[in-house]
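This report describes a pocket, a sheet and the confidence of one model. The sequence and structure come next.

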Amino acid sequence: MGVVPARRFLVSVLLAAMAFAGSTVKAQATVVPYGQVLVPGAAWAGSLASLGDLNVYSNGNGHEQGSAFQCTELATRFARVVYGAQGGWSGPAYKLFDSGPSVYPTPFLPLANGGAEPPKFGDILILDHTAYNSTGHAVVVSGTGPGYVDIVEQNWGNYAPTGRARLTIQGTFMPNRVDGNPGGLPIRGWLRAWTTPLGDGAFTLDQYGGVHPNGGAPPVRSSATWPKADMARGLAVGPDGTSGLVLDSWGGLHTFGTARTLADAPVAGGYWPHWDIARSVVLNSTGDGGYTLDGLGGIHSFGTAPARTGTAYWNWDIGRGMALNADGKSGYVLDGYGGLHPFGGAAPLKVSAYWLGWDIARGVTLNSTGTGGYVLDGFGGLHPFGDAAPAAPGIYWPGKDRARGLFLHSDTSGYVVDAYGYLIPFGGAPALSGGPISTTLPVGRGVGASTAS
């Protein structure tokens, strides 16, 4: 969907309204310096942070630089970076709930507090004004869970700002936010974008090596496909969000999209012709190296990645997945029972689920800090490990081994792909346009996030 003039106007609407939205500022001698990053974009917006500046900044004492880093500036910047909206707003933040949609009818639409839809990741939450706060407040929803809504915000509590908060919710109703304002600020509702974010997308992999775009991901061509052979075993998307690698069952690597870095090295560190033993592939943040996992637990480096030895190795095929830390050289191997095995100096992390003797674990992913994440079971269950909070589930298939992989959209939300290629959001992640790979045959083999713009 193209950016229309009304769309450009909305983000200006968001800018001005948010510029006037403030918080009760207590007189203190020390404040966090103006312009200092409170929350990095990647720590709350996941892969969307690659599209542009989604950092949360300190507004100093709240009166230093005009509209810059007011509460509405963050919401406006989010709408511009993620949805392509342009423009400004000259009124108080609380009026966004009424005026924003009227001047910018799509893609943002108002959902009333206590109505049919609870807030989810990416919604712009609007707090009302009171006798103690004449402008109200605007924030962005960064995650949801049972009984809570996580937000990121600017110009709130400038005497000790964190840029984050957790608000309560009862069903679909959010009570007044009381911190910093006598009696609290009522929550009017949330503005929701009804289009796919520019950077929201994913690629799904079928057993024949086909790579399929969803949401904002572009169509791509794989360098190897096997029309009649079940050969594909893993998918890794590069830092550009439009290209990456497909792993075949023998350990071979094949590029898709515009990837060229590894085109001259199509074979990984481990290659086993005619033996179906390769299980997972991961790329580092620069896209010039990574690791493959074999079913016995062996870790094989390629490109610039340094050699690594796992902390577990088996004499049978039980290795199921791999997750790489941001340093590009440490991470975790997942076994079929749900065990997590660190490599490359990664710290041991406590798991919340383990199925001894039952090969049912299907995927693993890490949060932005590498201190937690989720294990996926074959029925679609999500099990937090480390410091990860429980995630609101998507679809669960009791007794059906249907789930095939997952990735995170934020630290508490993301997507599960099933055996037919359906993408199921969880934790408040927005639905992505696209369809199944097959409606009759279970050919799905993997999934990877795209940050294509």
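## The second largest pocket

In this predicted model, the second largest pocket has a volume of about 310 Å³. Its lining comprises 18 residues, and Asp150, Arg164, Arg166, Asp411 and Thr412 are the closest to the centre. A pocket is an open set of points on a 1 Å grid over the protein atoms alone where a 1.4 Å probe fits, with protein on both sides within 12 Å along at least five of seven lines; lining residues have an atom within 4 Å of a point. The volume is the space filled by probe spheres set on the points, which are joined across faces, edges and corners.

Helix 2 (42-45), strand 5 (137-145), strand 6 (148-152) and strand 7 (164-168) each give two or more residues to this lining. Strand 7 provides the largest share, three residues. Helices (H or I, at least four residues) and strands (E, at least two) are DSSP runs, numbered from the N terminus.

Three strands form an open antiparallel sheet in the order 14-15-16; strands pair if DSSP finds at least two bridges between them. Strand 14 (278-283) and strand 16 (299-303) each have a single partner strand, so one side of each lacks a neighbour in the sheet. Strand 15 (residues 289-294) pairs with strand 16 over five bridges, and Thr292 stands opposite His300 in strand 16.

## Confidence and conventions

The mean pLDDT (the predictor's confidence in each residue, from 0 to 100) of the protein chain is 84, and 85% of its residues reach 70 or more.

Residues are numbered from 1 along each chain as its sequence is written, and side-chain values use heavy atoms, leaving out hydrogens and water. Local features need pLDDT of at least 70 and side-chain atom pairs count only at 80 or more, while totals for chains, interfaces and linings use all residues.
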